[in-house]
Amino acid sequence: VTAMDDLGSGDEELHSVNQMKRIRMRDWYERVPEMATQFLKFISRALTERRTAGMGDAEDVLTRQIVHTLMVEPRTHSDIQHRIDWDVKEQNPELFEKVLRNVATLQQNRAHRSGKWEVKAAA
């Protein structure tokens, strides 16, 4: 009788383990579309971002980032600096200023003694 009880409880444990596996597999299947989307975004970024792919020099990277930042709206100097990749900007501080002046114009606000940079039409 004891052997039968052990066998019976073993079946229950096996059934419980199989249920847990099914639940985990169902959770995994529900996450597959999200994981696939994230993977495709990663591949897309790797193929389209020249800096990520290791192509282009610092000036090209800065030009692209500054133009993309200013295309949304005119921004202050500090706001532009905040939005540009730190490593590229810090390795080339003088290049950042040069590129900014090449691709944008400063529109002064006389009342506040400040201004916002706007992307040039030629950029």
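Buried here means under 20% relative accessible area, and that cut-off matters for the first stop in this predicted model.

Start by selecting R75, in the loop between helix 2 (58-72) and helix 3 (77-83). R75 has 6% relative accessibility, so it counts as buried. Now show what surrounds it: leaving aside residues up to four places away in sequence, R75 touches T69, L70, I80, R83, K116 and W117.

R75 makes a salt bridge with E73, with 3.5 Å between the closest N and O atoms. E73 is partly exposed, at a relative accessible area of 41%. On the D79 side, look for a polar contact of 3.2 Å between the side chains of R75 and D79.

Keep D79 and bring in R83. Their salt bridge has its closest N and O atoms 3.0 Å apart, and both residues lie in helix 3, 4 residues apart, about one turn of the helix. D79 is partly exposed at 21%, as is R83 at 44%. With E73, R75, D79 and R83 all on screen, you're looking at a network of salt bridges.

Last stop: select F39, L40, F42, I43 and L47, a nonpolar surface patch with about 570 Å² of accessible area together. Zoom in on I43, in helix 1 (residues 2-48); I43 is partly exposed, at 32% relative accessibility.

How values were computed
Residues are numbered from 1 along each chain as its sequence is written. This is a predicted model: local features need pLDDT of at least 70, side-chain atom pairs count only at pLDDT 80 or more; totals for chains, interfaces and linings use all residues. Side-chain values use heavy atoms; hydrogens and water are left out. Helices (H or I, at least four residues) and strands (E, at least two) are DSSP runs, numbered from the N terminus. Buried means under 20% relative accessible area, exposed over 50%, partly exposed in between (1.4 Å probe, protein chains only). A polar contact is a pair of N or O atoms within 3.5 Å; within protein, one must be able to donate a hydrogen and the other to accept it, and residues adjacent in sequence count only if both atoms are side-chain atoms. Contact means heavy atoms within 4.5 Å. Patches are made of residues with over 30% relative accessible area and no salt bridge: like charges are joined within 9 Å, nonpolar side chains (Val, Leu, Ile, Met, Phe, Trp, Tyr) within 5 Å. Accessible areas come from the Shrake-Rupley method with a 1.4 Å probe; for residues, only the protein chains shown count as cover. A salt bridge is a side-chain nitrogen of Lys or Arg within 4 Å of a carboxyl oxygen of Asp or Glu.
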